Amino acid sequence: MSAPGADGTVSFEPRIIAFVCNWCTYTGADLAGTSRLPMAPNVRIIRLPCTGRIDTLFILKAFERGADGVIVSGCHPADCHYTSGNYHARRRFAIFRELMEFVGIDPRRVTFSWVSASEGGKWAEVVNGTTERVRQLGPFETYPGRVRSAGE
Amino acid sequence: MFVLRVNSMQDLKELSKKLLEQKQVSAILGYEHGRRGPRPVFVTEVADCERLVFDHRCVHNLAAYLSPRRTLVAQLGRLAVVVKACDARAVAGLIRESQLKREDVVLIGVRCGGVVRDPNGAEQLSADNVAPRCLECDKREPALADHLVGEPKPPPPGSASRDARLSEIEALSPGERLTLWTSLLSRCTRCHACRQVCPMCFCERCIADKTQPTWIETSPHARGNLAWHLTRALHLAGRCVNCGECERACPAHIPLGLLNRKVARVVAERYGYRVTDDPSTPTPIGAYRLDDEQEFIQ
Amino acid sequence: MNLYQPHLVRIEEMVDETLDTRTFKLSFEHAAVGEKFDFKAGQFGEYSVFGAGECTFCIASPPTRKGYIEASFKVVGKVTRAMRRLNVGDTMGFRGPYGNHFPLDQMRGKNLLFIAGGIGLAPVRCVIWNALDLRDQFQDVTIIYGARSVADLVYQRELEDWARRSDVRLYQCVDPGGETPDWKGAVCFVPSLVEKVAPSPHDAYAIVCGPPIMITFTLPLLEKLGFASDRVYTTLENRMKCGLGKCGRCNIGSVYVCKDGPVFTAAQLKTLPPEY
Amino acid sequence: MNTRRTLSTADLGALVGDLIAAGTTVVAPIRFVDQGRASIEYGPVQSPDEMDLDGPQPSRSLKEAVFPPTEVLFRWRQAKSAVEIEEVPVSFKETVVVGARPCDAAALEILDRVMGWDFRDELWFGRRQATTVLALACTRCDESCFCTAVGLSPASTRGADWFLTPVEGGFEVEVLTLKGQALLERHKARCPEAEGSTTKRVADLEQEVRAHLDVRPDRIRAWLETHFDDALWKRLALRCHGCGACAFVCPTCHCFDMVDEPDGIDGGARRRNWDTCQSALFTLHGSGYNPRKDQAARFRQRILHKFAIYPKRFGEVLCTGCGRCVRVCAAGMDLVAILAEIGRTAAERGGSA
């Protein structure tokens, strides 16, 4: 996972899980891929029907299981395939984000974004930005009781 | 239903007797003296109404017994319940979330000037023993009540609300906060008393009890405890009535109310929402505005 | 290795009994454990799927057949669902045998009556084969078995086998509506079939296993037919975790199903509080 | 075995210091304060100054020193269909408990019965063996204490390896077991032999506790065994929240759950966690059927297990009268009052009717 580089510094490749909605961000990510946009390979995407389906427990589960950062992304306001899923999600994540911050989970480890199907470039920015930010923060070893499967 | 305004504890007993005699209800859910201070009691006989009491040690939120999962209580039939302002907020929550019909319960509101931390507490309410949450409550009487008893009360003594502690924690670095909470939550043994006593935790099957898949690990280790307490606090966002029962029931003395208080402040600041005993207002988590702040979203 | 740690067993074969019931044939991964392993008809084990947990089933194969054990299970909860996803060659865990057993020693030389409903045939099947493998030690063997529908009959090939045998009397039924055009057995509930067959209590033992409703109606019938209640056996199941009398959840009053059971006589059942 | 020694307060501190220096875990009552709410809990101490032996009873029992709220039973690793099991050790680091309450020390011995009948729980006995219990006579009680009603007392030595009785300037020490003797051998210099006198027992306190509850456990058992369907259960269970805090603070409640926790797709651990008969899930079958259908049945199970089932199976009451369940109950369920009521009824009806 991390090995000393030539100059003695430790390079670290963060593991980032992205929970994205099927209709906008997943399509946007697909566009980013087919457009051959340069993107950090650290992000694993999990596709869900809607940001409204993204339970806050998904974020915790990702950290529990060894993620160093999380991306949550879906349709822009007014674009939700189910009309209002993203509005509900927006409230839930607004509250959860502050609660996480209160117990000491650095909010910089979690990126929330709206990425539409046409915003391949924005997706690449979100991926690269998050990867770089989490790389600076280092591995999330302090997450209470974090497990990591063998071979990591 | 008429509103009877009476002014002494004797009137609580008289009112209860009347409700039973007139068969308006089949039981009164109130407080009686136990060996360790007042405790909940279900009075079904007119003569037993003499046992009913109310004072600043009546800490318990009796609305917890109104949740539909209390099958034994449901067997009693229609209840009249003694409620403080915080308890009435819970009753309103149950009505708001379709767990209870307003007409299925008679609410005997009591004027309350704050309660102590522990029912087994002091004879006099003082700045030293007042439950901190009462300093965050500005309702001296429930508006939802059918009847209202007791003299008007002054606000509770003291000024040590938990907001100072919240600010202290917020001033720490993320690492320090995580260390603090990991340490506080390490005392949790997952008895789930916080959930069982909570009037707003009425789910038929709690997410913490679900096993397919197991979202929240049931083991009382750092991982399971953090996931549980964060989820509990979040699921109570805009619903927690600040009755403090979770914290009082916790055998590990974890200051759980801080999490709820934090969430309540977020909800108040972001959505201008405060939990009241008006059952007609929607909860902030079940509602949204097109122009909700989204400064945290890229 | 502490007492909660299972032995590893490998799935050798699997048979789909019905749409939701499957039988695993399991062998111990460490031959030495398998050689030492012995049990009596009626005992149970704790079967694990690693990552899902443990589940309690009787050992459905008879102790007379060495080198393997069988478990029949219906998909109900987390563990059985995980079991359903396993394949031949996969590894499971097994702890056991635990609990008491059917007193086959006492039954020697007597007539045996087996009554089972649905997947309740599993523990009974273990005793049936045990007795049939030692056929000369027992008198008449009568089996009365029923299920909701023809598709719900388990161990179908063995039922055919028993039907062909001249030294076994097999009566079968399915609930009304559960029959197929070519169904040759009775169409009724198990207790009604028992009433029709009217087995003789003379020098006989009865072993009854099935859903609670079947037990409730069958036990009084047997009493009416003249079976002494201490000669009627059944098995109980309560939720268990340890199987060792420690975890505290299977008790019915002062009786621990995992230690004093799972086999009980009808006489014993009468003394238990209604918490099973 | 019964050797009398004395131990000054300073020497006890020094002894604890020695033990910690030698790498022994020392568990003792520690005071915590959070938000003005003080509590005393048993916990490992890093220095003798952390101990608080004069305070009230620790709010949680000592059982977690021997029976942790969660523990790994084994781990597994999986590669395709092959599984490897990694055992957990059943021998444990030496631990000395200083200042165990008599009700907590006795509970360990009572639990030895269920942990050892037929199948021997090596994890329990491994920790038991590694743990030396220095119990401390109680010098105070509150209205929830009722140890005398279940055959113990504020000066009961049951389950203790050493028994400390506070005297002027320190403690009188009774060395009660071989394990206690072994500890004494290593720290003899700090514990001079007591001179002749016998300890003045805390008789007054015993009387005070007896006044809280005076019942005969055998009568209670007889009544319980014949009143499974009594109306009492529903009446009492009405106010019960079904939370199980009582069971989690109880020194003798020992029911547990076993769960698998994968730590990836290729492995994980099976754990055992404390559980409680007060939870509806405890007995829920996979089919959805629950033999203990309501809180009345679950509450009855708790009382029956303690005062009828355990006595029947193991010859003693599964309760040490510590009173924690009374103190901790958010709904004011009061075992002292309940036992008194059952005791009264049993006496009136002669335990059977």
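Before I place anything, I note that helices (at least four residues) and strands (at least two) are DSSP runs, numbered from the N terminus. I also keep in mind that this is a predicted model.

**Entry 1: cis peptide bonds.** Then I went looking in chain C. C:Gly96 and C:Pro97 are joined by a cis bond, with omega at about 0°. I looked up where C:Pro97 sits, and found it in strand E6 of chain C, residues 91–98. Another cis bond runs from C:Gly261 to C:Pro262, and there omega is near 5°. I found C:Pro262 in the loop between helix H8 (257–260) and strand E15 (263–265) of chain C.

Entry 2: Next I checked B:Asn242, which is not a glycine but has a positive phi, near 60°. Is B:Asn242 buried or exposed? I get 22 C-beta neighbours inside 10 Å, so B:Asn242 counts as buried, the cut-off being 20 or more. Its place is the loop between helix H7 (222–235) and helix H8 (245–249) of chain B.

I then turned to C:Tyr155, where phi is positive at about 55°. C:Tyr155 is in the loop between strand E8 (141–147) and helix H5 (156–164) of chain C. C:Tyr155 is buried because 24 other C-beta atoms lie within 10 Å.

**Entry 3: a helix pair in chain D.** At what angle do helix H6 and helix H9 of chain D pack? I read about 105° between helix H6 (residues 217–226) and helix H9 (residues 295–314), with the axes 9 Å apart. So H6(D) is roughly perpendicular to H9(D), since that label covers 65 to 115 degrees. On the H6(D) side, the contact is made by D:Pro217, D:Ile220, D:Arg221, D:Leu224 and D:Glu225. H9(D) brings D:Ile303, D:Leu304, D:Phe307, D:Ala308 and D:Pro311.

**Entry 4: confidence in chain B.** Last, I looked at pLDDT. Chain B averages 92, and 97% of its residues score at least 70. Strand E3 of chain B (residues 79–83) comes out highest at 97, while helix H4 of chain B (residues 163–170) is lowest with a mean of 91. Over residues 1–6 of chain B, pLDDT stays under 50. For that stretch I noted 10 contacts beyond four places in sequence.

Definitions and conventions
Residues numbered from 1 in each chain as written. Chains lettered and ligands numbered in written order. Predicted model: local features only at pLDDT ≥ 70, side-chain atom pairs only at ≥ 80, totals over all residues. Buried ≥ 20, exposed ≤ 12 C-beta atoms within 10 Å, placed from the backbone. Axes fitted to C-alpha atoms, helices over the stretch in contact; angles between N-to-C directions. Parallel < 35°, antiparallel > 145°, perpendicular 65-115°, else oblique. Contact = placed C-beta atoms within 7 Å. pLDDT = per-residue confidence, 0-100.
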